[in-house]
Protein chains: 4
Amino acid sequence: MTATAPRPARTPRGARTRARLLEAAEHVFETVGYHEASIVKITEEAGVALGTFYVHFSGKKEIFDEVVGDLSHRVRQAMSEASSAVPDRIGAERAGFRAFFRFTAEHPALYRIIRQAEFVSPEAMQAHYANIVDGYAAGLAAARGRGDIRPVDPTVAAWALMGAGELIGMRWILWEQAADIPEDVYEALMDVVQGALAPTTRTAGPSLPSATTTDTRPDL
Amino acid sequence: MTATAPRPARTPRGARTRARLLEAAEHVFETVGYHEASIVKITEEAGVALGTFYVHFSGKKEIFDEVVGDLSHRVRQAMSEASSAVPDRIGAERAGFRAFFRFTAEHPALYRIIRQAEFVSPEAMQAHYANIVDGYAAGLAAARGRGDIRPVDPTVAAWALMGAGELIGMRWILWEQAADIPEDVYEALMDVVQGALAPTTRTAGPSLPSATTTDTRPDL
Amino acid sequence: MTATAPRPARTPRGARTRARLLEAAEHVFETVGYHEASIVKITEEAGVALGTFYVHFSGKKEIFDEVVGDLSHRVRQAMSEASSAVPDRIGAERAGFRAFFRFTAEHPALYRIIRQAEFVSPEAMQAHYANIVDGYAAGLAAARGRGDIRPVDPTVAAWALMGAGELIGMRWILWEQAADIPEDVYEALMDVVQGALAPTTRTAGPSLPSATTTDTRPDL
Amino acid sequence: MTATAPRPARTPRGARTRARLLEAAEHVFETVGYHEASIVKITEEAGVALGTFYVHFSGKKEIFDEVVGDLSHRVRQAMSEASSAVPDRIGAERAGFRAFFRFTAEHPALYRIIRQAEFVSPEAMQAHYANIVDGYAAGLAAARGRGDIRPVDPTVAAWALMGAGELIGMRWILWEQAADIPEDVYEALMDVVQGALAPTTRTAGPSLPSATTTDTRPDL
DNA sequence: TATGAATGAGACTTCATTCAT
DNA sequence: TATGAATGAAGTCTCATTCAT
């Protein structure tokens, strides 16, 4: 995810300092965003001298990429752990979104950082989204194979539903600075998600065939 | 939307200069983002002297807000025009998304700017999203009243589907620098959207209670 | 000589400030050398704000090149004026060296700066020496054509004698911080120079074949 | 030459490390000059840890002085060996210049370093030149005593001819990055040098009185 | 001796904004 | 209105040197 592998600290003391810097950076980025974040602020928060920063990182972008990679990894972990604990697809879906919202509430940093990353570190941002989608789409594809969900295109559906979750989280957690998503909003979203995925008996139209996106030409 | 109403230009020459600056600013913001955009770049692109900028705008944030407001207004206009031209809900839905993707392809600025605005001008960003949702949710509420769609919560559905469209646009238009969304992706997304909204006969699953969020966010 | 043409000041005030900066830079470079010279020192000496520097110059190297170009031009002017006022070659030679030493005594900057320029701005340094040699070699070639001097290779002789003058100036003006070169040193040097150039009847020694360089290096 | 005598290494390992550092420093100084040379670069090139540097040297200037002293010593050795192998003065002259140019071609470091040393370590630079001149002037004085050359002032002549050689070497070896001086240039220079020194019967002009510099620089 | 993390002064540069013309 | 010179705070980064291990 990061272009250059993180320098390994060669000393326990070094490792400790490096970790303190990362922690401080996450906090500063979360609070004031990438551009307002200065190395001075980060080192002050970490309680080390300015020059020490450059012993461990080559610059602001490098530590940013590492923070993003970290957060991205953690949110993926949280989501996949949660959803894989539930056997049925709908349940897994609910658990995954639940985990995502929890993580968002506890680490608003991810949100605020990712949305800034477009001009700062497009690679990091694209990797973040792509990694999440990969796991999500794989789950959807499997579910589709089992007939648990409608034959939607897994990749497109994954991007679409991730986008849905993202804006809902932004609106009801970040903007409200809430500790979690309101239950009714969560259920309303699940209703939409379930509608999008659940196998249905359509009142009209042929049941969609097809697997890959290209040949999928949904009617309507 | 903007805190201070835009200064009206006193003379035709002034109005022309002001317009040139706005145009230049939109281009610069789109190209390099808010933070890399400097007043010097904007004035150079507009072909006016540096000092002239401050004759027309109080600062960088002011012109940014105005550019965002502009773009936001235009995308809303494009979407509502497109969807209101179609009578049935599904058709309106398709037309609205279509217009959104078109606009995105033609004005990547909106995307790139909005996602930066969080730390620069949260009001502008929230206004942008809220305004779009307002119109969207109103349409959904009306459709629901007519029985054209399932009884989803209009506000939550609007945020969710806007999010879906946003990420799909980011992935397949911005990242690919495409001139429009690929047809198969568009249809795959429409399939998801339709699944989320279309009235169905469920084969299984608890009929989720219609969310009670409506009081939180007055839809309309 | 300078790669990029100097920005023309578009205002009398601007021109004044620019000149003040150049003057200050010459003094600072002379005093502490290129590397110890900081923009801060230059602007302080010029009595302008730090940022003002960058209104007129793109950086330290740019102003350095301009200062070098200036000094180089002035010393050439001084030398050619002096030597062209004297008809005979030996007299011209003496006058040229005299002018060079005078200039050196009055503007030690040139010396100290040029010898630093190798790593800083090789182009500027090479241009300086090459320009001096050009004029010098042309004079020697003409004198040779008239039979005023021995048939030495004008270019090689010009570089050699310039080198001789340079070290003599360094040793007896710069190192001694003298106001001018000691008369006896001057005469002793002139003796050497005259020996090198004056037409002679050799009493002994193999009459060296007139160097074979002449064909290789077109002597003007 | 150097203010503080070089610390003797206490152990064989220490001596090896010290030598590695000196070698690395010579290379780094030659490549990027004094100011761009950093202790980090030197230690990296030497393959030792940063802190190790200060075990052997007190700082950057100290190692610089030692490198300069080394090179200066080696070039003097090369020149005196070469010239002392030839009995007649003109032959010795030619051999000395030849050796100087050879050394220059093989160790451009000397050149580049010395010309930087003015602001870094004037003592080292002055010592370098003075040492060379001492030997050179002594040789000239002896030759003059034997009547091998004209009665020029030995010290002034030594400085002058050293300057001549220096610029010729700079122009045709350093700037051209040549492996040696072109033969024709060498001969043309020797022609000039011989003209300057060789005993002659002047066809015209007063035979200049031997300069009175002798008090300044005792010849012998 | 050797190591490498830590330090902090100081350098360069940018840029939003002011102001006299 | 328009101009462009002037300002100076703030930011990033380097690097010689110290020090604990």
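This is a predicted model: local features need pLDDT of at least 70, side-chain atom pairs count only at pLDDT 80 or more; totals for chains, interfaces and linings use all residues.

Trainee: OK, how many cavities of 30 Å³ or more does the count come to?

Mentor: Eight. A cavity here is a set of points, on a 1 Å grid over the protein atoms alone, where a 1.4 Å probe fits but cannot get out; lining residues have an atom within 4 Å of a point. Grid points are joined across faces, edges and corners, and a volume is the space filled by probe spheres set on the points.

Trainee: How much space lies in the largest cavity, and which residues line it?

Mentor: The largest cavity holds about 100 Å³. Its lining includes Phe100(A), Tyr111(A), His128(A), Met162(A) and Glu166(A). H6(A) gives the largest share of that lining, four residues, and helices H6 (108-120), H7 (122-146) and H8 (154-174) of chain A each supply at least two.

Trainee: What classes do those lining residues divide into?

Mentor: Seven nonpolar, one polar and two charged. In this scheme Ala, Val, Leu, Ile, Met, Phe, Trp, Tyr, Cys and Pro count as nonpolar, Asp, Glu, Lys and Arg as charged, and the others, Gly among them, as polar.

Trainee: Switching to interfaces: how many residues does the contact take from chain B and chain A?

Mentor: Chain B gives 60 and chain A gives 58, with contact meaning heavy atoms within 4.5 Å. About 5200 Å² is buried between chain B and chain A, and carbon and sulfur atoms give 64% of that. Buried area is the accessible area (1.4 Å probe) that two parts lose on being put together, summed over both.

Trainee: And how many salt bridges between chain B and chain A?

Mentor: Three, where a salt bridge is a side-chain nitrogen of Lys or Arg within 4 Å of a carboxyl oxygen of Asp or Glu. Asp191(A) and Arg150(B) form a salt bridge at 3.0 Å, N to O. On the side of chain B that touches chain A, H8(B) brings the largest share, 15 residues. That side has 29 nonpolar, 16 polar and 15 charged residues.

Trainee: What about chain D and chain C, how many residues are in contact there?

Mentor: 56 residues of chain D touch 56 of chain C. Chain D and chain C bury about 5200 Å² between them, 63% of it on carbon and sulfur atoms. Four salt bridges are counted between chain D and chain C. In one between Arg112(C) and Glu118(D), the closest N and O atoms are 4.0 Å apart.

Trainee: Last one: how many salt bridges over all chains?

Mentor: The whole structure has 51. Arg18(A) and Glu66(A) make a salt bridge at 2.9 Å, N to O. Arg18(A) sits in helix H1 (residues 12-36) of chain A and Glu66(A) in helix H4 (residues 60-84) of chain A, so the pair ties together parts that are 48 residues apart in sequence.

Note on methods. Residues are numbered from 1 along each chain as its sequence is written. Chains are lettered from A and ligands numbered from 1 in the order in which they are written. Side-chain values use heavy atoms; hydrogens and water are left out. On a 1 Å grid over the protein atoms alone, a cavity is a set of points where a 1.4 Å probe fits but cannot get out, and a pocket is an open set with protein on both sides within 12 Å along at least five of seven lines; lining residues have an atom within 4 Å of a point.
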